[in-house]
Amino acid sequence: MSELQVAAPRHDGAPIYQLRDVIKTRQSDGIGFQLRVPQLQIGLGEKIALIGESGCGKSTLLDMLAFILEPSQAARFQFHPGGGREGLNIADHWRHARRNRLGDLRSQHIGYVMQTGGLLPYLSVRQNMNLSRFVQGLPDDDTVTDLAKELGLSRHLDLKPAALSTGERQRVAIGRALAHKPSIVIADEPTASLDPFAAEKIMSLFIGLVEELNITVIVASHAWRHIKRLGLRRLAHQTRRTSDGKLTETVVTG
Ligand SMILES: Nc1ncnc2c1ncn2[C@@H]1O[C@H](COP(=O)(O)OP(=O)(O)O)[C@@H](O)[C@H]1O
Ligand SMILES: [Mg+2]
């Protein structure tokens, strides 16, 4: 048993996100897109999958949940990183353009895994994985070493990302997203650039780790078959396009 297994307490049933009437509209090349979330509640410790074809709005939703993207409208957008009743009013922070506050909340409570890792090429694997802790001013303890062991990266800690395979780099990105022990980890198609065999292996490793650490997870993917086996709840949504093809709307129904 590693130190990593000393997990944050689980608050079963407590919500981490509560959204009501959240809308994001986007426009590119004369084509409109609208994502609408009438009602969404995600519980602390839940494992959520967002599955859908390219362009249906997965990244749009994830980026709003990570406070990267400002909603066009939000009747309610509460974030409760530690569970409990009192949540943080994210809609209000956006309304008052408190970007620094949103950035601080993101680095403290959220881990984000991008499709292509987003590692810094001039830092070692160890430094990349430690980045989320460094930003928080967290001490240099055994967390990164322990995580590297779990992710099969112990031998690579002093290498630069360029010396690693694509799969190994994604494992580093996963380690970085978890190293500061966030309340939630958001992963946007984290295995999309891998072959199906490696993708399946890394997704299992990732979900196993978030379970061990008791971290809530939301992962976007277009491969439902494998994700389903890992016990994730699929977020329901419907996408429709107007007959002239000028507007696509996705409604997330929870
Ligand atoms: N930066 C952007 N500016 C304008 N429109 C965008 C931008 N990013 C994505 N979109 C549009 O929003 C829609 C949803 O995109 P996205 O959330 O990236 O879907 P997915 O992640 O499911 O592939 C698409 O129609 C896309 O063209
Ligand atoms: Mg996307």
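Strands β2 and β11 pair in the parallel sense, over 5 bridges. Pairing here takes at least two DSSP bridges between two strands, and the elements are DSSP runs numbered from the N terminus: helices are H or I with at least four residues, strands are E with at least two. Within this pair, F33 has T248 of β11 as its bridge partner.

A quick word on the model. It is predicted, so local features need pLDDT of at least 70 and side-chain atom pairs count only at pLDDT 80 or more, while totals for chains, interfaces and linings use all residues. Residues are numbered from 1 along each chain as its sequence is written, with chains lettered from A and ligands numbered from 1 in the order in which they are written.

Now the sheet itself. It's an open one with 6 strands in the order β5-β4-β1-β2-β11-β10, and its pairing is mixed. The edges belong to β5 (88-89) and β10 (237-241); each has a single partner strand, so one side of each has no neighbour in the sheet. Strands in a sheet pair through backbone hydrogen bonds, either parallel or antiparallel.

| Pair | Sense | Bridges | Residues standing opposite |
|---|---|---|---|
| β1 and β4 | antiparallel | 6 bridges | R20 and R76 |
| β1 and β2 | antiparallel | 12 bridges | K24 and L35 |

β1 and β2 also make a hairpin with 2 residues between them, and D29 in the turn has a positive phi of about 55°.

What surrounds ligand 1? The shell is R26, S28, F33, G52, S54, G55, C56, G57, K58, S59, T60 and T248, counting residues whose C-beta atom, placed from the backbone, lies within 6 Å. β1 (15-28) and α1 (58-65) are the elements giving two or more residues to that shell, and α1 gives the most, with 3 residues. The shell splits into 2 nonpolar, 8 polar and 2 charged residues. Ala, Val, Leu, Ile, Met, Phe, Trp, Tyr, Cys and Pro count as nonpolar, Asp, Glu, Lys and Arg as charged, and the others, Gly among them, as polar.

Elsewhere, helices α6 (residues 166-178) and α7 (residues 196-213) have axes that come within 11 Å and cross at roughly 15°. These axes are lines fitted to C-alpha atoms over the stretch in contact, with angles from 0 to 180 degrees between N-to-C directions. That makes α6 roughly parallel to α7, a label for angles under 35 degrees.

Key:
Parallel < 35°, antiparallel > 145°, perpendicular 65-115°, else oblique.
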